[in-house]
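I opened this entry to keep track of what I looked up, in the order in which I looked it up. The structure comes before the notes.

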Amino acid sequence: MAGSVGGKLGTAGRTVHRPFLSEPLWIRVLLTTVALGFLAFFLALPIATVLAQALKKGFSFYLRALSDKDAWSAIRLTLLVAGVSVPLNLLFGVASSWAITKFDFWGKKFLITLIDLPFSVSPVISGLIFVLLFGAQGRLGEWLGDHNIHIIFSIPGIILATIFVTFPFIARELIPLMQAQGNEEEYAAVTLGANGWQTFWRVTLPNIKWGLLYGVILCNARAMGEFGAVSVVSGHIRGLTNTIPLHVEILYNEYNFTAAFAVASILMLLAFVTLVLKHWVEWRAAKDIALSEPGAETL
Amino acid sequence: MFLKRQSGGELTAPPCVCKVDMKFQLKQYSALPGFGLTMGFTLFYLSLIVLIPLSGIFFSAFSFGWGHFYEAVTSPRTLAALRLSFGTSFLSALINAFFGLIVAWVLVRYEFPGKRFVDAFVDFPFALPTAVAGIALTALYSQNGWVGKHLYALGIKSAYSPFGITIALIFIGLPFVVRTVEPVLQNLESEVEEAAASLGANRWQIFLKVILPTIAPALLTGTAMAFSRALGEYGSVVFIAGNTPMKTEIAPLLIMVQLEQYEYASATAIAGIMLVVSFVMLLCLNVLQAWGRQNENI
């Protein structure tokens, strides 16, 4: 993403309008109208619907829906789940991208494909695999039952399913970035006597910080918003194993629409914050690239 | 797994054997430290979270027996669900390919006020939790909804129908085509178009014969991604689908229903089929992306 922003900056000065390379005005207007109409229909209308439904019974009802005890426990659980799964995936993302980009070994492409795998698995199946493993009738179910360990229909299951669906986010952001940056700076650091940790903290990390943050933002958004996988393993116990998206579903299925949309509006806010942060990071990364290039003063 | 493989066990090996040895190594020598630690953790975490749980599906499918598997997969209800999932996913991917191309084109080539805002906004379906999308679209397209009101008046049952499912799948697949086509359109050299124009081609011919072949791999990749995502989608679809068996029950929902009725064998069988399809799609995507890279190099 950062690369495409850089590309935009680089070509901005070159765009010269030549009549034979552009479409007639009426086609341009038509295409722009179709594109904006499509986006308005599919993006703006749902957003407006959430807000309108959430505030249907007035602002005080909205606040009451948000201060509900079960809503708060859902918010707490969501924060806990994201708080555990994002750091673990961050650790994995950094370790795997170091192993993959700093060394040459057999089967590298295959390993990258394996890391991407969770993205192509349906959320429902992502939950199902843990039920088959840890559920009461699962492979380890009996043993877990004997030792009184609860994973499915309990918080560990929710965390496991969330880690699975958000697994590739940070790694897939870091691997292409570190591949593009090459290893010269790390070689220089090691040659100058730095050890592995010093090289990582002082050379690699400053180079990849924006990509890392980008991955964390996307990973966190998905971890907080995941519905399908978590729905399979949660058991929907009110106040105990309900994350915010599951709480929205319960309220909705109880025909408590206004409250459902009120809680949903928190998740929509999360989506907006994610988008804003994501673009801020893209902008910062592009600025860093522009500054590090020779002749940047002329920009 | 990454041990050095010795090329010859003879004690008389000449000193230069270490050079030959390099070729047979699974890992080439690097001056940088940390391979053992990072690769060890990577493989451990990958196996624990992804590989072992995922392969469990196939072991379970086998352990329930072939007869069970066949019965679950060929039952009319499963076949109807698979047909519906594939049909609506395909249709929504096609619609996204068409409109996504137009959106990408307009965002790259034309200027209008608020363009950067609109461009940022395209990612919204990625950022919005699917459950929120699901209830918002249901409210919008149900009989009393802002859009549903008009569609129902026209005799179109826009919620709790395949129509509604397709709408939800269009929503979640929307960014894929735009985001894969955009960078390729941006990098398109205007020289080629100039050459075509100077040879007398009109705008439509240039689009069809110069631009479209160049962006075709990206367009297909984006469409395949949207299709693949739509096949497995659950959260945004369940609310608007209606979930009537044989009619508006998608495959992921059927897995969920079977699981809730403790029909583990059927749930696993359907999940196994869906997983195989996902892997085939992943393979197709890799081939498509390789084709795209080849195209860029020409």
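I began with A:Leu128 and set aside its neighbours within four places in sequence, which left contacts with A:Val232 in its own chain and with B:Ile255, B:Leu259, B:Ala267 and B:Ala271 in chain B. I keep in mind throughout that this is a predicted model.

I then looked up the nonpolar core to which A:Leu128 belongs: the largest one has 160 residues, and A:Leu128 is among those that touch the most other members, together with A:Val263, A:Ala264, B:Val132, B:Ile135, B:Ile240 and B:Ile255. Helix H14 of chain A, residues 257-292, gives the most to this core, with 15 residues. As background I noted that nonpolar side chains tend to be buried together in soluble globular proteins.

Next I turned to the contact between the two chains, which takes 76 residues from chain A and 79 residues from chain B. On the side of chain B that touches chain A, the largest share comes from helix H2 of chain B (residues 35-63), with 14 residues. I also checked the composition of that side of chain B, and its residues divide into 57 nonpolar, 17 polar and five charged.

Within chain A I looked at one helix pair, H4 (residues 69-102) and H11 (residues 196-225), whose axes come within 9 Å and cross at roughly 140°. The crossing in which H4(A) passes H11(A) is right-handed. From H4(A) the contact is made by A:Thr78, A:Val81, A:Ala82, A:Ser85, A:Val86, A:Asn89, A:Leu90 and A:Gly93, and from H11(A) by A:Gly215, A:Val216, A:Cys219, A:Asn220, A:Ala223 and A:Met224.

B:Met246 is not a glycine, yet it has a positive phi of about 75°, and it lies in the loop of chain B between helix H12 (235-241) and helix H13 (251-260). Is B:Met246 buried or exposed? I count B:Met246 as exposed because 11 other C-beta atoms lie within 10 Å, where the cut-off for exposed is 12 or fewer.

B:Tyr262 likewise is not a glycine and has a positive phi, of about 60°; I found B:Tyr262 in the loop between H13 and helix H14 (264-297) of chain B. With 11 other C-beta atoms within 10 Å, B:Tyr262 is exposed.

Methods. Residues are numbered from 1 along each chain as its sequence is written. Chains are lettered from A and ligands numbered from 1 in the order in which they are written. This is a predicted model: local features need pLDDT of at least 70, side-chain atom pairs count only at pLDDT 80 or more; totals for chains, interfaces and linings use all residues. Two residues are in contact if their C-beta atoms, placed from the backbone, lie within 7 Å. Helices (H or I, at least four residues) and strands (E, at least two) are DSSP runs, numbered from the N terminus. Ala, Val, Leu, Ile, Met, Phe, Trp, Tyr, Cys and Pro count as nonpolar, Asp, Glu, Lys and Arg as charged, and the others, Gly among them, as polar. A nonpolar core is a set of buried Ala, Val, Leu, Ile, Met, Phe, Trp, Tyr and Cys residues joined through C-beta atoms within 7 Å. A residue is buried if 20 or more other C-beta atoms lie within 10 Å of its own, exposed if 12 or fewer, and partly exposed in between; C-beta atoms are placed from the backbone. Axes are lines fitted to C-alpha atoms, for helices over the stretch in contact, and angles run from 0 to 180 degrees between N-to-C directions. A crossing is left-handed if the near helix is turned anticlockwise from the far one by less than a right angle, and right-handed if clockwise.
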